[in-house]
Amino acid sequence: MIKDLPDNTVKDIAIAVALEKESVESKIWYVYIINLKNEPIENVLITSKGYGEKDGEQVKTSTLRHMFPLVEGNSFKIIEPIDEQTFGLNNEYWLSYYIGTQIYDKKFIFLPESIVEMNFTRLPVINKVGVMIR
């Protein structure tokens, strides 16, 4: 029965896009996983992909997979660099991880044009400016 299933709601985990470095020619952006819990998460698997419409045509990026054996509590890991050209697409990050023997998963989607200065905030733990989804 559904009522017998555990409530494995993802809490205190965020995916963030932060501006790492800026020069006259370019900006360098990275995607991070931020563990805001006091406990570590284990066997962290993240798949990332971009999709949507650009110039009237459907566009899809490659699906990338990232694995981290452990993300300590109140810490972060860099998932991947991200190109500004994909900010006009849906950027999806599907996260799965374990705490003990319980598995948790959640899909985080940065909607087109959501990674803009107007949405910037100070990212916890990383202490950089960027956009975060919790």
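How many aromatic pairs does the structure hold? The structure holds five. Rings of Phe, Tyr and Trp (its six-membered ring) pair if their centres lie within 6.5 Å; planes under 30 degrees apart count as stacked, over 60 as edge-to-face and the rest as tilted. The model is predicted, with local features needing pLDDT of at least 70 and side-chain atom pairs counting only at pLDDT 80 or more, while totals for chains, interfaces and linings use all residues. Residues are numbered from 1 along each chain as its sequence is written, and side-chain values use heavy atoms, leaving out hydrogens and water.

One of the pairs joins Trp29 and Phe87. Their ring centres are 5.1 Å apart and their planes stand at 85°, so the pair is edge-to-face. Trp29 lies in strand β2 (residues 27-35), and Phe87 in the loop between β6 (75-82) and β7 (90-99), so the contact ties together parts 58 residues apart in sequence. Strands (E, at least two residues) are DSSP runs, numbered from the N terminus. Trp29 is buried, at 4% relative accessibility. Phe87 is also buried, at 7%. Buried means under 20% relative accessible area, exposed over 50%, and partly exposed in between (1.4 Å probe, protein chains only).

Trp29 also pairs with Phe120. Here the centres are 5.9 Å apart and the planes at 65°, so this pair is edge-to-face. Phe120 lies in the loop between β8 (102-110) and β9 (121-122), so the pair ties strand β2 to a part 91 residues apart in sequence. Phe120 is partly exposed, at 24% relative accessibility.

Terms used. Helices (H or I, at least four residues) and strands (E, at least two) are DSSP runs, numbered from the N terminus.
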